[in-house]
Structures are given as structure tokens and as C-alpha cells.
Amino acid sequence: MKRILFTALFLLAFLSSPLSAEETTRKILIVTGGHGFDEQEFYEMFDAMPGVTYDRAELPKDQNLLAPGLETKYDAVVSYDLNNFPLTEVQRVNFEQLLQNGMPLIVFHHSLAGYQNWPTYRDIAGGAFLFAETEVDGKTCPASTYQYDVEMKIAIADKNHPITQGMEDFEIRDEIFKNVYIHPGVHVLLTTDHPDATREVAWVHRYGNSPVFTLMLGHDKHAFADENLRKLLRQGIAWGIAEKEKIDKISAQNPCFRVFRKAMLEYVSTHGDKFIGSVRGIEDEKYDVEIVSLAKDRNIIGYWDINTREKTITRQHGFQDERSGEMWTATFHYDVDESDCSVSIISGEQTKDWWGEN
């Protein structure tokens with residue numbers, strides 16, 4: 001049995017269980033709270049969505065649902081809340097780790113204005129409606145504004161994307177937002193030329209392992225009845241689920257990865273107050289691991305490339321806990337032969353082993 005030794009200062013990683021490729025009915029969690037809406041027409045929109053069932057959650061009372069493990073019960077989360085209720089550090093970490101687990105997230109309309117006191121949410125949503133003038137990345141951004149019942153033209157910025165497939169430019173009566181902060185690097189799907197609105201209307205990006213679709217449209221029953229909005233929402237949910245399944249399928253192709261994932265899930269739980277991490281399938285038997293500090297900067301402070309086919313680990317970088325100054329000593333290694341896989345993690349004087357058959 002050939003041993004590959006990987007020595008780093010600290011390692012933790014996180015990945016979700018794959019979704020079944022044979023499922024035809026998808027189950028989503030719709031999260032509301034913090035803002036009134038036309039409930040009957042809103043849920044009728046989802047009732048009419050073929051192949052989708054849903055449960056409801058309301059914030060703040062259901063905040064603790066947004067945590068690792070939710071991805072085993074639901075295929076995607078549709079966030080239609082405006083959550084500015086106080087969050088504990090545990091709730092923040094759990095939400096981030098759920099996304100590192102790969103849970104698809106749809107940030108719908110006023111959810112873009114949520115979590116004003118949690119800057120990381122701007123990175124999660126790929127933008128933010130700002131209640132007040134705010135400094136972001138060293139730049140001063142003005143407060144955002146809104147107007148109800150505005151007729152506006154929507155242009156399809158990318159007609160080749162799965163979310164906009166089969167769509168043409170359209171007009172809609174809806175609420176508009178102006179001076180919305182847009183995160184650099186998002187892939188814009190919809191735009192408008194209305195002078196009182198932010199140009200970007202919808203976009204996609206990835207936060208950790210989570211595919212995120214953000215859609216500003218969708219204020220009231222008039223918008224909910226619009227077939228273009230319904231199609232965007234339906235295809236946005238389908239896109240998020242498909243993106244997650246791509247990564248899960250790649251990861252599942254390596255039978256040793258089942259043990260690898262279990263080790264990382266258990267290991268991260270012992271240090272989750274300091275860091276979060278992700279392991280992502282890049283292609284057959286190749287994986288990318290990132291370690292992110294839970295300090296304010298959320299910097300990527302550790303990264304590794306692992307190739308289990310060639311039994312190599314490259315692009316290694318370990319780190320020191322910047323907040324406490326503590327030097328984490330850890331050794332991670334795994335053994336692979338034709339019949340089994342084993343993983344050991346050594347941190348300080350503690351050692352834990354995992355093993356399983358291929």
C-alpha cells in the first residue's frame with residue numbers, strides 16, 4: 001500500500017453528499033421573513049412549477065435550519081427573506097458551511113437587502129441593496145433606492161446561459177432598485193436601461209461550492225404572474241441543482257473520496273469556530289481544497305490540489321491562526337491500493353483515522 005504524505009499547518013475541508021441523478025421531483029426550501037409580500041400569489045407561482053415541491057421556513061425562528069445537513073433534505077434554497085435579525089457567530093458559520101457544502105441558493109428580490117450587518121452576505125449574494133452609504137473594498141458606495149410599480153425593459157445579456165435559454169428581451173411591471181452594489185466578477189444575465197435602476201438585474205456566480213443565482217425582480221403579485229419571471233425562477237432553480245450535481249458526480253467518481261469526505265466533515269467540526277473549508281471536484285479524481293479564515297477579511301489562507309489517480313498533492317500552502325497566533329501542526333495523509341482507502345489526521349498529539357473499502 002503506497003502512502004502519500006501531506007504535511008500542512010492545518011487542514012479542514014467540507015463537501016456535501018451527492019444528489020441522486022434519477023430524481024425527477026425536486027424539493028426546495030422557500031425562506032421568508034422580515035418583509036411582507038403577496039403570499040397567495042407568491043406560493044401559487046411555486047405550486048404551478050412542474051417537478052418541484054417545497055417546504056416553507058420563516059426567519060428568524062427557522063434561522064438554525066440554514067446549516068450543514070440541510071443539503072441532504074432539499075435540492076435548493078430560495079431566499080425571499082429580508083433578514084436583518086441578529087445572528088450569532090454559530091449561525092453565520094453554519095450558513096457559510098452549508099454553502100461550502102454546495103447547496104444551490106437563489107437570492108430572490110428583497111433578499112438582496114438582507115444581512116446588512118454581515119458583510120460576508122454581499123459576497124454570498126454577489127451584491128447588496130445598501131440601506132446607507134457603505135464602504136466596500138475601500139470604495140464608498142451610496143445608499144440604494146427603490147421605486148414601486150415601474151414599467152421597465154429587460155434585456156437578456158447572455159442568451160446562451162441555461163437560466164435564460166429560450167428567452168427574449170421583455171418588459172415587466174415591478175419594483176426597481178438603484179445604486180445596488182454589484183460584486184465584481186459575477187456573470188450578468190439580465191440588464192435594464194431604466195434611468196432610475198441599477199443596470200444589472202440578474203446574475204450568477206459561485207460562493208465556495210454553492211452555485212448562486214440572484215434575481216432582483218419579483219416584488220408583488222403583478223410580477224409573480226409574469227411568465228418571464230416564472231421561467232427565470234424555474235430555470236434558475238434547475239441550473240443551481242444541475243451545477244451541484246456536476247460537482248457531486250465528479251467527486252463520486254473516485255471511490256476513495258467517500259472516506260476522504262467523511263474525514264474532512266468530522267475534522268472541520270472540531271475547528272469550525274476558526275475556519276471553514278471546501279473540497280471540490282475539478283475533474284476525474286482531481287480535487288481542489290481551500291481553507292478560509294473566519295476573520296473579517298475571509299481570506300483564503302490555505303490551498304491544496306490533490307490528484308488521487310496519480311497519488312500526488314501539489315500547490316500546497318499551510319498557515320498560522322492569525323487571530324490567536326497559534327501554530328496548528330497537522331499531518332494529513334491517505335493510502336490507496338486496489339481494495340481500500342484510509343485517512344489519518346494528526347493535530348498536535350491527537351491522531352484520528354478513517355478507513356473504508358473502495
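A residue counts as buried here when its relative accessible area is under 20%, as exposed when it is over 50%, and as partly exposed in between (1.4 Å probe, protein chains only). On that scale, 56% of the 358 residues of the protein chain are buried. Keep in mind that this is a predicted model, with local features needing pLDDT of at least 70, side-chain atom pairs counting only at pLDDT 80 or more, and totals for chains, interfaces and linings using all residues. Numbering runs from 1 along each chain as its sequence is written, and side-chain values use heavy atoms, leaving out hydrogens and water.

The protein chain has six helices and 21 strands, taken as DSSP runs (helices: H or I, at least four residues; strands: E, at least two) and numbered from the N terminus.

Start with helix 1, residues 39-47, where F42, Y43, M45 and F46 are buried. Looking down the axis of helix 1, these buried residues fall within an arc of 145° (going by directions from the axis to the C-beta atoms), so they line one face. Exposed Q40 and D47 sit on the face turned away from the buried side.

Now for the salt bridges, meaning a side-chain nitrogen of Lys or Arg within 4 Å of a carboxyl oxygen of Asp or Glu. The count is eight. One of them pairs D55 with K27 at 3.3 Å, N to O; D55 is in strand 3 (residues 52-58) and K27 in strand 2 (residues 26-32), 28 residues apart. D55 is partly exposed at 27%, and K27 is partly exposed at 33%.

Over in helix 5 (residues 227-252), K246 and E243 are three residues apart, about one helical turn. Their closest N and O atoms are 3.1 Å apart in a salt bridge, and R206 joins K246 and E243 in a network of salt bridges.
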